Amino acid sequence: MSVVDKILSKVTPLPSEEKRAEATAEARARSQPGDWLSMALDQHDRIRAAFAACRRAETAEARMVAMKELALVLNGHALAEEVVLYPGLAQAGEKLHAGHAYTEQTTAKMQMAELENIPASTPEWMDKLKHIEGAVLTHIYEEESNWFLRLKEKGEHQEHLAERFREEFERYCGGGSTAAAPARAATRPPPRARRSEGRL
């Protein structure tokens, strides 16, 4: 973990597991099947599971595979929030929270890019992963305990938010399963073969 990472972790301590679980339960109680909040919470569960899979991976190759799965769901979720939910939050009078949310997600993307440049076989890779996980879990806690509850209470056009949130997530992740993207990629011809198709 870099010096900057250590400083940031001291400034923004991770909420306890109990507090995070309480926030998730409260948000679940306020959600309804198929609404944007239930979808966001489901995606949060997938993100937590993806981090756990990265931590469990024992070889460098397994870590890289798990990291790609994490990046897929993390980026799809972040982009859907940035395109749909954070503008909705700003329009509901919560511009300060929306701006803070954008900043945190931009930081997470930069940290994930740094993780890609660290050899996956090293302790430094795991240190960086855990730092990112702590920051993301804190961000999720802020959403579940505060920001999203405000959007649920104050936001207009809730059905439109749900439709657009689903659309943007699926645009990046291709539907419900992160496993679907590698499966679709495997059915496509390799890049060189695709380039040569136009020359026949």
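This is a predicted model: local features need pLDDT of at least 70, side-chain atom pairs count only at pLDDT 80 or more; totals for chains, interfaces and linings use all residues.
Me: How should the length of H7 be read, and what span should its 16 residues have?

Reply: The general idea is to set an expected span against the distance between the helix ends. Helix H7 covers residues 158-173, and at 1.5 Å a residue its 16 residues should span 22 Å. The end C-alpha atoms of H7 are 22 Å apart, which agrees.

Me: Which residues of H7 are buried, and which are exposed on the other side?

Reply: The buried residues are Leu161, Ala162, Phe165, Glu168, Phe169 and Cys173. Seen down the axis of H7, these buried residues fall within an arc of 140°, so they line one face of the helix. On the other side of H7, Glu159 and Arg171 are exposed.

Me: How is a pair of aromatic rings described, and how many aromatic pairs does the structure hold?

Reply: A pair of aromatic rings is described by two quantities, the distance of the centres and the angle of the planes. The structure holds two aromatic pairs. In one of them, the rings of Trp36 and Phe148 have their centres 5.4 Å apart and their planes at 90°; planes over 60 degrees apart count as edge-to-face, so this pair is edge-to-face.

Me: Where in the chain do Trp36 and Phe148 lie, and is Trp36 buried or exposed?

Reply: The pair links distant parts of the chain, with Trp36 in helix H3 (residues 36-56) and Phe148 in helix H6 (residues 123-154), 112 residues apart. Trp36 has 0% relative accessibility and therefore counts as buried. Phe148 is also buried, with a relative accessible area of 1%.

Me: What is the geometry of the rings of Tyr86 and Tyr102?

Reply: Their centres are 5.2 Å apart and their planes stand at 80°, so the pair is edge-to-face. This pair too links distant parts of the chain: Tyr86 belongs to helix H4 (residues 60-91) and Tyr102 to helix H5 (residues 95-116), 16 residues apart. Tyr86 counts as buried at 0% relative accessibility, whereas Tyr102, at 30%, counts as partly exposed.

Me: Which residues does Phe51 touch, not counting residues up to four places away in sequence?

Reply: Phe51 lies in helix H3 and, at 0% relative accessibility, counts as buried. With residues up to four places away in sequence left out, Phe51 touches Leu70, Leu129, Ile132, Glu133 and Val136. Phe51 and Val136 are 85 residues apart in sequence, while their C-alpha atoms are 9.8 Å apart in space.

Technical notes
Residues are numbered from 1 along each chain as its sequence is written. Side-chain values use heavy atoms; hydrogens and water are left out. Helices (H or I, at least four residues) and strands (E, at least two) are DSSP runs, numbered from the N terminus. The expected span of a helix is 1.5 Å times one less than its number of residues. Buried means under 20% relative accessible area, exposed over 50%, partly exposed in between (1.4 Å probe, protein chains only). The arc is that of the directions from the helix axis to the C-beta atoms. Rings of Phe, Tyr and Trp (its six-membered ring) pair if their centres lie within 6.5 Å; planes under 30 degrees apart count as stacked, over 60 as edge-to-face and the rest as tilted. Contact means heavy atoms within 4.5 Å.
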